[in-house]
Every structure is written in C-alpha cells, then in structure tokens.
Amino acid sequence: MKRFLTAFMALITLAWAWQLFSATGAMAPAPANAWVVREHALTLTGLWSFALMSLAMVLATRPAWLERPFGGMDRIFSVHKWAGILAIGFAALHWLVEMSDDVIKTLWGREGRLPKDHGSGVLEAMRDVAEELGEFAIYALLAMLVLTLWKRFPFGIWRYLHKVMPFLYLALAFHAAFLAPLDYWTQPVGLMLAVLIAAGSFASVLALAGRIGQGRRVGGVVESVCEPGAGVTEVTCRLDAGWRGHRPGQFAFATFDRFEGAHPFTIASADRGDRRITFEIKALGDYTRGLAHRVQAGQSVQVEGPYGRFNLPTGPGARDQVWIAGGIGVTPFLAWLEALQTTPDQAPEADLYYCVRDRDSDPFVARLEALCAPLPSLRLQVISSARNERLSAAALGNRTRAGAVTEVWFCGPQGLADSLRKGLGKMAAARFRFHQEAFEMR
Ligand SMILES: Cc1cc2nc3c(=O)[nH]c(=O)nc-3n(C[C@H](O)[C@H](O)[C@H](O)COP(=O)(O)OP(=O)(O)OC[C@H]3O[C@@H](n4cnc5c(N)ncnc54)[C@H](O)[C@@H]3O)c2cc1C
C-alpha cells in the first residue's frame, strides 16, 4: 500500500514539476520570493489533495477488476482509507497556505505578488463560487476525519455520515476545475487533472445513484439461523439465480436489514454449486451482538459479492505453508477445508494454527478436527489462551526448512498479526511471505 501511494504521489508531483519547469509555464520565469513559494505550495498541496481524494472516490466503488493488482478488496479498502486520510491532511495544508497571505504581507509586503489569472466575468463568478465551495468542503472533510479516527464513534452513524462524501467530492472537483491555473490545461498536469475529475465524478455519481456493487448484488432467503457457540451466529442463505458462485476464502456484503445496511462477512462454506452460503458471525459490535434474535429463517437477504483474494493456495508452488486463524478469523479456513473435502489430493502441506480463548468452549475446534481428519497433509494445532498457550514467531521460525520460503496465511486480530509479522521480520523476513485478510475497514 505504501509503495502504491508513494508512486501515485510521485506521478502527481512529476506532472506538477513538468509544468513548473517547462518553458511555457507562466510561473517559471518569476523570481523566487515568499509569494512565489506560496503560489507553488498552494497548487501542489491542492493537487495532492485532489488526486488522493479522486483515488479514494474511485476505490470506494469496489472495483473488482482492481482486486488482482491490489491483492484483494480488503487492500483496496485500506488504500481507500489512507488515500482519504492523506487527502484531508493535504487539504488542511492547502487551506493553511491559502490563509498565509496576511502573514506574508506583514513580513515581506506586497512586493513580488504574482498576478492572478483573469478570465471573463462568468469565469470570475465561477471562481468565487469554487472558492466558497472549497472552503466549506474542507471544514466538512476535517469533521469527517475526526469522526473516522475517533474509533469510539458508532460505526452505524459514521457510515451514514460517510455518504456525504460524493457530494463533497463533487464540490472539490468544481473547486479544482475552476481554480487550477489556466496554463495547466495545455500541459500534462491538466490532462491528469481532467482524468481525475472525470473518474472521481463518475464514481461519485455511481455512489449517489446507489449503483456501487449493483452488478454483484443478488437477493435470497435465510434458510437457517443457529448459535454454534456463545457469541457466534451461523446464518445459511439460499441465493437467487444471479449468484455467480465463490472461491473458498472470499467474502460478501450481507444485508439482513435494509436500514442497517450491508456488513462484510467471509463465506465460511465451500461453493457446492447450489447457491447456498453460510456465514459465521461473531458478536463484535452493535449490530452483530444479538444478531441471532434479529435474523430469522425465511426472511429475505441481499448479498453483494463475492470479493477477495484470500484464495486457497493449491498447486505445485503451494508447498511450505502455515495457516493461522485467530478467533472468528477461522472463517476463510473453514471454507478452504470444506472445499478440500471433495479434492483431498489437492491439500497442500500445511500447519494450521487455530488460536482461541478457550478450546473447551470454542464452537469451531470439533469442526476443524473433523475437517482435517481426512487431510493428512494438514496438521492442526489449537492454541488455547485458557491453557496459557501462545503462538509466537519463534515457534513458526523453528518449523521452517532452511532455504525454503514459507507462505503464511493469516486471518485474525490485528494485534496478533502485528506481533507475528514483527517477530518473523526480525528473524528473517525473506523466509516468510505474509498474506493477511483484514477484517477491519474503518
Ligand atoms: C473482509 C471482511 C470479512 C469479514 N468476515 C467476518 C466473518 O466471517 N465473521 C465475522 O464475525 N466478522 C467478519 N468481519 C467483521 C465484520 O464485518 C464486523 O465485525 C461487523 O461488520 C461488525 O458490525 P457491528 O455493527 O456489530 O460492529 P460495530 O461496533 O458497529 O463496528 C465495529 C467495526 O466493524 C467494522 N464494520 C461494522 N460495520 C461495517 C460495515 N457495514 N462495513 C464494513 N465494516 C463494518 C468497522 O471496522 C467497525 O469499526 C469481516 C470483515 C471484513 C472487512
């Protein structure tokens, strides 16, 4: 993610610098002074912010065609989130630079101030509106950023507030289109800006029209609801004919209640070709707590998906593997194991570590044992905190063969992922390839 965002920012900066240093750039000949620096800082921070905001907007449309280059929809969400956060940061910087004129006037006077682009009366009027819109959008974005980073703010309300983002984006697109220097439009930076405006505006209209994910949305009926263990609800749905099937390890957005909206859950069953899918849902928050009493067999459900690339690793390349499931992060592994029941010869050599609070009361231990029994190449180890057992990076390091690269497939709490990644990185990062399905979107 860091590499992608850095490359994206570098491209934007390059286009901006090209304009700056090209012979036709109006600002190139101006001698350097505080006003010139302010002007350049204003355009650069504005460009960075708008480009990142456009990227965030496009990624918000859940573009399944980008799953392969990004490595899955969870990664796309992660880039969306960080692009949005950075965009707001640069927007705040842009606003501060804009406000710096009084300071410059006091310290250096008006000398050296760059002449403004002048257009027709209509253009000037539009620019005034664009400035007002930009200022309003920045205040709204900053408020949104605070609510996003304040994890205690209820997700359900945050999600509704987040729906205002396409409106804010369109206001920013208007701001960028009318306030970009006029000579941009004959330069590569202008072409880039036009592409960003078009792509981001299209994405905003899709979002406002409720068309995101529409092609992957199907209806269905809840067939059964049960509680296999404390705090876990199992929901099996039978989907309508439009369902395209899924690969083991993928997830879908399920809407059991229109007002509540869609929640992402891994499909914890293999594709049996009968359009039946099962979710194992842990009570992790406001909505999922008490879900078993709210969802009933026979009610309708809407499912959007499948998404994700946490795919069962099979084939000749899939040799030395470690699968790690933490708590409800076991769901993709349940789907993998179920899929392997019909093709046991494809099961790779793997150690499956299932980390739980208490193995005696856990709802999935018995099921995992039964699923692993016919698959001798899979070695299941249950790590129970109640018995003072811990999974450490050192334990994983000891099991690897010298010279071999171990593929680590992880789904579970972020804290456990961070500590394992850190530990493995210290030992020898090159010997491990870490694949993680992120359960957190905000
Ligand atoms: C790819 C993926 C697969 C998942 N698979 C499973 C699974 O198999 N089983 C399981 O129990 N949980 C799974 N989760 C987590 C599950 O989506 C959240 O626990 C659930 O949505 C929490 O809802 P809540 O209202 O009860 O919690 P809240 O307390 O309201 O929210 C807690 C956190 O859950 C996330 N969340 C809540 N609502 C949504 C939403 N509508 N869209 C996106 N994120 C949301 C946010 O990060 C939020 O901060 C998965 C999440 C992702 C991203």
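What share of the contacts in the protein chain with a separation of 6 or more do residues 24 or more positions apart account for? The share is 79%, where two residues are in contact if their C-beta atoms, placed from the backbone, lie within 7 Å.

## Basis of the model

This is a predicted model, in which local features need pLDDT of at least 70, side-chain atom pairs count only at pLDDT 80 or more, and totals for chains, interfaces and linings use all residues. Residues are numbered from 1 along each chain as its sequence is written.

## Overall architecture

The C-alpha trace of the protein chain spans about 80 × 55 × 35 Å along its principal axes. The chain contains 14 helices and 11 strands; these are DSSP runs, numbered from the N terminus, with helices being H or I of at least four residues and strands E of at least two.

## Domains

An automatic or database domain assignment divides the chain into domain 1 (2-208), domain 2 (214-307) and domain 3 (321-436). Between the C-alpha centres of domain 1 and domain 2 the distance is 38 Å. Eight residues of domain 1 are in contact with five residues of domain 2. On the domain 1 side, helix 7 (residues 155-162) gives the most, with three residues.

## Buried residues and core

Of the 442 residues, 33% count as buried, that is, with 20 or more other C-beta atoms within 10 Å of their own, the C-beta atoms being placed from the backbone. The largest nonpolar core has 101 residues; such a core is a set of buried Ala, Val, Leu, Ile, Met, Phe, Trp, Tyr and Cys residues joined through C-beta atoms within 7 Å. Helix 2 (residues 34-59) supplies the largest share of this core, 11 residues.

L52, A56, A87 and I324 have the most contacts inside the core. Leaving aside neighbours within four places in sequence, A56 is in contact with H80, A83, G84 and A87.

Definitions and conventions: A residue is buried if 20 or more other C-beta atoms lie within 10 Å of its own, exposed if 12 or fewer, and partly exposed in between; C-beta atoms are placed from the backbone.
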